[in-house]
Each structure stands twice: as C-alpha cells, then as structure tokens.
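I opened my notebook to get to know a new structure. Here is what I looked up, entry by entry.

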Amino acid sequence: MFKNKMNQLFEDQKSVHVLYSYNESEDYIRQVVNYIQNGIFAGNCIILIENDRLYPFIHNELKTLLTTDQMKMINRINNFDFYYSSGSYHPPAILDYFNKTVQPYLEKGISFRSWAHVEWSSMEDPLHIIEDFEKIADNAVNQLSFPLICAYKSERMPEYLRNILMETHPYLLVEDDLILSEQYPSSTDVK
C-alpha cells in the first residue's frame, strides 16, 4: 500500500517534500532502501545524502536488490560534506551545493528523487537555521519538480524543531504511510 501510494503521488505531482522522523536504524535503512529501489524502478536517478556510518548497510542491501547498472543510478553524497560544505550549517551554501549536484540532471532532462539524512553536530547548533533551510528546500522541490524525503532522528528533534519541520513539509512518512501535515500552511491546497 505504502509503495503504491507514494509512487502514485510522485507520478501525479512530482513536487513532493516529505518529513521522515525515525527511531531505529533498522527501520530507517528499510525505508531508504525501499525509496531508492522504487525510484530506480520508476526510472528516476537517486541523490542520496547519507552519513558514512549508515551508508555501507544501505549499499549492501541495495546490492542484493539492484543490478550493477541500476546501482550506477545512485549518486551518494556524504551528508557531513553536504551540510557543512562552507564550514558550518549555512543554508545558502547548502543550496548552492545542491544546485550544482542537480544541474546535470536538469540540463539533460533526467528525472530524479532525493533522500536527505539531516544531521548536525550538537544541540547547540542554531535550530532556527534548519527552518530557513527547510523553507529553501520546500521552494526548490516546487520549482524543480522532484520528490525529496528529509530524514531526522526523532530523539534529536525537540518540540520546537518538530513544529518547524511539520510546518515546512507538506507530507509526513509515518510507519509506511504517507500523510498530509496538518501544520503545513497550504495543506488544504495539496491533493
């Protein structure tokens, strides 16, 4: 059900920005593998923004499910390099990095989807910057017309951040189901 519902949404609308809050690494790996596999089967290239700790598990699982040619459709970016490319968590630098990454896909008319594992070094990092970044990401999803899932570890999401994320993501991935965020400003406009 989940796979069909999500893939149908991506096919119908393309511009889909999803928040995924996870607890267990096993659940996380299962979700990202499903997302990548479904994307590749739908003919999308994948931009995977992932850490060095979990990527080997994801890669090993995907190698059992995909062909060598399908594996080449995955562009993996280290999430630390991505989010801290300017030396700090700086939304304009992150957006610039992302734009350079997607430019070849856009120029060649290649459809893609992205999965971003969002992490930061400490709770002292300014959480309001994440709000700025997620607003930029939501705008990019709508302008460039691609699906994006932003994954955050639940225990690293204080209530203030959780509210910000619910307001900046029109969809939530909750236990294999894609639901509308009631806190997203235009959720009544989303079909």
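**Entry 1: the largest pocket.** I began with the lining of the largest pocket and found that β1 gives the largest share, 4 residues. I am working with a predicted model, where local features need pLDDT of at least 70, side-chain atom pairs count only at pLDDT 80 or more, and totals for chains, interfaces and linings use all residues. Residues are numbered from 1 along each chain as its sequence is written, and side-chain values use heavy atoms, with hydrogens and water left out.

My terms for this entry: helices (H or I, at least four residues) and strands (E, at least two) are DSSP runs numbered from the N terminus. A pocket is an open set of points on a 1 Å grid over the protein atoms alone, where a 1.4 Å probe fits, with protein on both sides within 12 Å along at least five of seven lines; lining residues have an atom within 4 Å of a point.

The space in this largest pocket is about 310 Å³, a volume being the space filled by probe spheres set on grid points joined across faces, edges and corners. I counted 17 lining residues, and the closest to the centre are Tyr 20, Ser 21, Leu 173, Val 174 and Glu 175. At least two lining residues each come from β1 (16-22), α2 (25-41), α8 and β6 (171-174). Sorted by class, the lining holds 8 nonpolar, 4 polar and 5 charged residues. Here Ala, Val, Leu, Ile, Met, Phe, Trp, Tyr, Cys and Pro count as nonpolar, Asp, Glu, Lys and Arg as charged, and the others, Gly among them, as polar.

**Entry 2: the second largest pocket.** I noted a volume of about 260 Å³ for this one. It is lined by 16 residues, with Arg 53, Val 118, Glu 119, Trp 120 and Arg 156 closest to its centre. Both α5 and β5 supply at least two lining residues, and the largest share, 3 residues, is from α5. By class I have 9 nonpolar, 3 polar and 4 charged residues.

**Entry 3: Cys 150.** I found Cys 150 in strand β5 (residues 147-153). Is Cys 150 buried or exposed? Cys 150 is buried, with a relative accessible area of 1%; buried means under 20%, exposed over 50%, and partly exposed in between (1.4 Å probe, protein chains only). Leaving out residues up to four places away in sequence, Cys 150 touches His 17, Val 18, Leu 19, Tyr 20, Ala 116, Val 118, Glu 134 and His 169, where contact means heavy atoms within 4.5 Å.

**Entry 4: disulfides.** How many disulfides are there? I get 0, taking a disulfide as a pair of cysteine sulfur atoms within 2.5 Å. The sulfur of Cys 45 is 19 Å from the closest cysteine sulfur, in Cys 150, so the gap is too far for a bond. Cys 45 is buried too, at a relative accessible area of 14%.

**Entry 5: the core.** The largest nonpolar core has 32 residues, and Tyr 83, Tyr 89, Phe 112, Trp 120, Ile 130 and Tyr 152 have the most contacts inside it. Such a core is a set of buried Ala, Val, Leu, Ile, Met, Phe, Trp, Tyr and Cys residues joined through side-chain atoms within 4.5 Å. Its largest share, 6 residues, comes from α7.

**Entry 6: α8.** I listed the buried residues of α8 as Leu 161, Ile 164, Leu 165, Met 166 and Thr 168. They pack against β1, α7, β5 and β6.
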